[in-house]
Amino acid sequence: MSERTPPTWPAGHRAALVVSIDVDGEYGVIAQHGASDWYWRAQARYDLDAGLIRLLELLADYEIRATFCWVGRVAEERPDAVRTVIAAGHEIATHGWDHRIYTRMTREEQREDLIRTREEIAALTGTVPVGHKSPFWQSTPDTVPLLQELGFQWNMDLALGDLPVAQRPDPTREPIIQLPPSRWWDDYTFFIEQALPPRLVAEFWEEDFAVVRAEGKLMCLTVHPWIAGRPGPSRALARFLDFVVTLGDVWIARADHVALWWRERERDLDQSATSSTAS
């Protein structure tokens with residue numbers, strides 16, 4: 001594989017990785033299968049205790065700080081779980097109030113959903129969330145302008161490439177840093193839509209990340225406690241993290257830290273371009 005000249009990540013790191021964990025409780029499967037589908041609701045009940053604990057222990061083993069995208073109703077029902085995650089040094093972002101799809105909401109309904117979820121998490125943690133991932137990644141043309149208007153800093157909905165993108169629907173406000181997701185960097189794709197052995201999933205992620213690293217770019221991994229928190233799938237995540245950590249030159253960071261760094265980088269580049277034009 002040919003190596004390219006990468007962007008400069010902090011402290012000389014060659015590439016970057018964000019581990020994002022979507023805490024849906026039962027509401028993700030309710031939004032998809034309906035409240036009366038007790039098969040899926042029973043499966044998703046693994047989320048908050050067994051699955052979450054296993055993922056927290058795994059992250060602690062590697063001393064990795066992750067971003068937890070939290071459904072508001074789940075936070076309201078289990079404040080103890082939210083506080084446990086915060087105490088471990090992880091970021092909490094918003095993931096919709098009850099995982100209803102934004103494409104079925106009006107602009108005002110989206111706004112109310114974002115505010116309600118953010119306020120609930122802020123009340124529980126004492127920290128106002130700065131990031132958002134829409135349920136099922138189904139944002140609308142209103143989502144980023146609303147996030148910018150409400151003072152969020154980052155969004156993880158749009159796969160615009162393999163690097164962050166600064167979005168400025170209102171040029172007078174601070175940009176929203178769009179962090180790129182992928183359905184192939186999501187445990188749901190491999191363990192729910194299909195049923196692959198964990199080693200094959202780890203190999204897929206490793207090979208994808210090898211390209212990301214060679215190009216000096218960013219990977220945003222998405223996992224769920226009720227999926228990757230199960231025994232076998234958790235080994236896929238562990239094996240992948242082993243691979244990344246052993247490389248020794250990857251910045252593994254929370255989404256808010258990546259977004260802040262990229263925002264400052266964009267500001268420096270803009271100032272440099274302005275100075276060059278003036279001279």
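Reply: Strand E2 (residues 67–70) is covered on both faces, with Thr67 and Cys69 on one side and Phe68 and Trp70 on the other, all of them buried; buried means under 20% relative accessible area, with a 1.4 Å probe and protein chains only, and strands are DSSP runs of E with at least two residues, helices being runs of H or I with at least four, numbered from the N terminus. In a regular strand the side chains alternate between the two faces of the sheet. This is a predicted model, in which local features need pLDDT of at least 70 and side-chain atom pairs count only at pLDDT 80 or more, whereas totals for chains, interfaces and linings use all residues. Residues are numbered from 1 along each chain as its sequence is written, and side-chain values use heavy atoms, with hydrogens and water left out.

On one side of the pairing, strand E1 (residues 15–23) runs parallel to E2 and is joined to it by 4 bridges, two strands being paired if DSSP finds at least two bridges between them; here Ser20 stands opposite Thr67. E2 is also joined by 4 bridges to strand E3 (residues 91–94), again in parallel, and Cys69 stands opposite Ala93 of E3.

As for the helix pair, H9 (residues 198–214) and H10 (residues 231–247) pack at an angle of about 30 degrees with their axes 8 Å apart, the axes being lines fitted to C-alpha atoms over the stretch in contact and the angles running from 0 to 180 degrees between N-to-C directions. H9 is therefore roughly parallel to H10, a description that applies to angles under 35 degrees.

Note on methods: Buried < 20%, exposed > 50% of the residue type's maximum accessible area, 1.4 Å probe, protein only. Parallel < 35°, antiparallel > 145°, perpendicular 65-115°, else oblique.
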